[in-house]
Amino acid sequence: MSILEDLLLLEHAGWQSLCDSTGSTFYGETMTPDGVMVLTDGSVLDRDDVEASLDQAPAWSSYTISEERLVPLQEDAAALIYRGTAQREGSPGLDALMTSTYVRRQDRWRLACYQQTPLPR
């Protein structure tokens with residue numbers, strides 16, 4: 001399997017965890033200890049913040065990943081860039097460009113940094 005395929009599988013697993021309310025566990029296990037997420041509202045969350053926020057977050061009802069692009073950084077690091085859309089009841093939804101930077105640690109890809117850049121509506 002290629003790096004792009006590996007990282008897309010992880011991204012889909014992450015989004016699915018946000019749809020079935022298991023995101024806290026998924027991202028707690030997938031993020032590096034010093035990993036961060038930068039969200040569309042400008043907040044920067046470390047791994048503990050991500051776990052805590054996802055414990056109480058409403059589930060997304062659906063998502064799509066498109067326009068995928070891999071940027072190899074070095075042998076054990078790569079950035080996956082894509083357009084992500086997501087919908088949840090009672091929310092305007094999300095349409096953003098997303099970058100997930102992964103590092104390979106002990107033969108496993110771990111999320112080091114994730115950023116959302118909102119697209120104009």
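Why is strand 4 (residues 77–87) largely enclosed by the rest of the structure? Eight of its eleven residues are buried, so the strand is largely enclosed. The model is a predicted one.

**Strand 4 and its partners**

Strand 4 pairs with strand 3 (residues 62–74) in the antiparallel sense, over ten bridges. L70 has L80 of strand 4 as its bridge partner. The link from strand 3 to strand 4 is a hairpin of two residues.

Strand 4 also runs antiparallel to strand 5 (residues 94–105), and ten bridges join the two. Here G84 stands opposite A96 of strand 5. The hairpin of strand 4 and strand 5 has six residues between the strands. Within that hairpin, G90 takes a positive phi near 75 degrees. In a regular strand, side chains alternate between the two faces of the sheet.

**Aromatic contacts**

The structure holds three aromatic pairs. Two of them involve W15 and are tabulated here. Such a pair is described by the distance of the ring centres and the angle of the planes.

| Pair | Geometry | Centre to centre | Angle between planes |
|---|---|---|---|
| W15 and W60 | edge-to-face | 6.3 Å | 65 degrees |
| W15 and Y63 | stacked | 5.7 Å | 15 degrees |

W15 lies in helix 1 (residues 3–19), while W60 lies in the loop between helix 3 (47–55) and strand 3. The W15 and W60 pair therefore ties together parts that are 45 residues apart in sequence.

W15, W60 and Y63 form one aromatic cluster. How accessible is each member? W15 has a relative accessibility of 3% and counts as buried. W60 is buried at 12%. Y63 is buried at 19%, just as the cut-off of under 20% requires.

The charged end of R88 sits over the W60 ring, 3.7 Å from its centre.

**Cysteines**

How many disulfides does a search of the whole structure find? It finds zero. C19 is buried, with a relative accessible area of 19%. C113 counts as partly exposed, at 28% relative accessibility.

How values were computed: Residues are numbered from 1 along each chain as its sequence is written. This is a predicted model: local features need pLDDT of at least 70, side-chain atom pairs count only at pLDDT 80 or more; totals for chains, interfaces and linings use all residues. Side-chain values use heavy atoms; hydrogens and water are left out. Buried means under 20% relative accessible area, exposed over 50%, partly exposed in between (1.4 Å probe, protein chains only). Helices (H or I, at least four residues) and strands (E, at least two) are DSSP runs, numbered from the N terminus. Two strands pair if DSSP finds at least two bridges between them. A disulfide is a pair of cysteine sulfur atoms within 2.5 Å. Rings of Phe, Tyr and Trp (its six-membered ring) pair if their centres lie within 6.5 Å; planes under 30 degrees apart count as stacked, over 60 as edge-to-face and the rest as tilted. A charge sits over a ring if NZ of Lys or CZ of Arg is within 6 Å of the ring centre and within 35 degrees of the ring normal.
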